Amino acid sequence: MCILIFVGTNGETFFNTVNLVSCVQNFPKSRGPVVGILKGFAGLGGAILTQIYAVIQTPDHASLIFMVAVGPAMVGISLMFIVRPVGGHKQIKSSDGMSFTFIYSVCLILAAYLMAVMILQDLVDLTHTVIVIFTVILFILLLIPFVIPIILVFFSEPTDLAEAALLPDTSKQEAGKSENDINEVIFSEVEDEKPKDVDLLPALERQKRIAQLQAKLAQAAAEGAVRIKRRRGPRRGEDFTLMQALIKADFWLLFMSLLLGSASGLTVIDNLGQMSQSLGYDNAHIFVSLISIWNFLGRIGGGYLSEIIVRDYAYPRPVGMAVAQAIMVFGHFFLGMGWSGALYVGTLLIGLGYGAHWSIVPAAASELFGLKKFGALYNFLTLANPAGSLVFSGLIASSIYDSEAEKQAHQHHPHLQRDLGSIFFGSLGAEEPPKCAGSICFFLTSMIMSGFCIIAVVLSMILVYRTKIVYANLYGKSHT
């Protein structure tokens with residue numbers, strides 16, 4: 001079973017990497033929306049497969065396993081020649097805004113439809129015919145986005161050849177980049193010694209001022225007054241290899257912020273069944289479905305709002321991550337207090353915040369460390385999720401829950417004494433492990449997770465402060 005899970009999850013990683021890297025390279029000017037839509041649909045995949053399985057309606061679980069094994073594989077084989085980098089937009093097309101808005105609208109309708117169907121199937125005993133109708137409507141909603149490429153191919157106006165000739169050729173730029181880097185001396189002293197008021201100037205004025213400083217520095221170097229040193233490695237915003245990124249403080253700030261934020265949300269997802277049972281809810285699966293929908297909306301919304309932040313205000317994208325983590329602080333607090341209806345509010349806030357991480361972080365990593373080695377950079381960052389979950393969920397949450405369950409068991413049965421071996425390894429009999437009831441079961445865990453999210457907000461804001469110049473250079477021209 002361990003080997004099968006290993007193979008399966010690595011297969012999912014290949015799907016994720018190929019689609020994400022290809023689409024980010026194809027739409028470098030719209031990274032937030034692209035990542036948000038892709039990660040959002042990845043989050044909805046489980047709900048969609050669940051609805052398809054409801055149509056099969058068979059008690060044989062082998063049918064479900066067969067469908068999950070064969071279905072995605074056939075889709076991947078049929079589409080693997082289509083999903084590839086094709087050069088990307090050289091500039092933002094006028095149709096991009098309407099296209100992404102249309103797909104966002106379909107995503108929201110799809111999420112609302114799935115939520116309504118799930119709740120209806122949970123409350124009402126529907127006939128098989130009605131379930132089939134619901135599934136057919138689901139497939140229609142999934143196919144609607146195909147309207148966009150069809151319209152653009154057959155009905156869009158062709159690009160003027162004279163206009164296209166004026167656009168920069170990205171492939172030629174990449175090919176000639178290394179040759180230019182060899183002959184070009186990067187004036188590191190300009191970055192280190194420039195006055196602070198230079199960064200406050202508009203983008204065009206800032207470039208002129210830096211050019212003047214570079215000219216003075218070159219003249220001084222020619223006269224032998226100063227010695228110019230060559231900067232080693234790329235600067236932020238250029239293409240990094242994984243090893244080059246691993247020695248940068250910004251990369252580790254992004255990694256640790258993702259670890260603390262996303263892993264605290266994953267801890268809630270992992271323990272949602274026990275949380276709902278401890279608070280007196282019988283149907284835990286309704287909260288699992290709800291947090292999946294909120295996770296989807298968080299991914300879609302995170303990509304959309306972070307794109308507004310960088311596109312309209314030329315402000316660092318990690319500020320969106322800080323907002324998501326601040327939302328999760330309150331979500332963990334609600335879960336810990338265990339008030340009436342707090343689980344609904346908590347799953348809403350945690351789902352939105354957790355989902356936003358997975359649309360903001362990949363886009364930010366591609367902007368700060370480039371697209372050339374984006375696959376390796378992104379997959380290293382995703383290690384934060386299982387690493388944090390191993391500690392937060394596997395050690396902290398489970399240990400606190402077991403401790404509270406033991407206390408309640410001794411309170412109800414004072415004569416019951418368990419030896420050290422039975423506590424850690426369980427007894428050989430059929431006795432079930434003690435269960436915990438009440439908000440106390442996850443109160444301390446939720447407060448610890450809330451504290452981790454506060455630390456994550458601080459790390460994200462440090463990253464925002466350090467990368468303001470990078471984003472001003474990347475997006476300042478279009479903004480000014």
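Predicted model: local features only at pLDDT ≥ 70, side-chain atom pairs only at ≥ 80, totals over all residues.
Start with α16 itself, which covers residues 342-369. Counting 1.5 Å a residue, a helix of 28 residues should span 40 Å, and the end C-alpha atoms of α16 do sit 40 Å apart, so the two values agree. Of those 28 residues, 24 are buried, so α16 is largely enclosed by the rest of the structure.

One of the partners of α16 is α12 (residues 249-270), and the axes of the two helices lie 9 Å apart at an angle of about 160°. That angle is over 145°, so the pair counts as roughly antiparallel. The crossing is left-handed. On the α12 side, the contact takes in D250, F251, L254, S257, L258, G261, S262, G265, L266, V268 and I269. Facing them from α16 are I350, Y354, H357, W358, V361, A365 and F369. Sorted by class, this contact comprises 12 nonpolar residues, 5 polar ones and 1 charged one.

Elsewhere, the loop joining α14 (285-313) to α15 (318-337) holds A314. For residues other than glycine, phi is mostly negative. A314 is also tucked away: its relative accessibility is 12%, under the 20% cut-off, so it counts as buried.

How values were computed. Residues numbered from 1 in each chain as written. Heavy atoms only, no water. Axes fitted to C-alpha atoms, helices over the stretch in contact; angles between N-to-C directions. Helix = DSSP H or I, 4+ residues; strand = E, 2+ residues; numbered from the N terminus. Parallel < 35°, antiparallel > 145°, perpendicular 65-115°, else oblique. Left-handed = near helix turned anticlockwise from the far one by under 90°. Contact = heavy atoms within 4.5 Å. Nonpolar A, V, L, I, M, F, W, Y, C, P; charged D, E, K, R; others polar. Buried < 20%, exposed > 50% of the residue type's maximum accessible area, 1.4 Å probe, protein only. Expected span 1.5 Å × (residues − 1).
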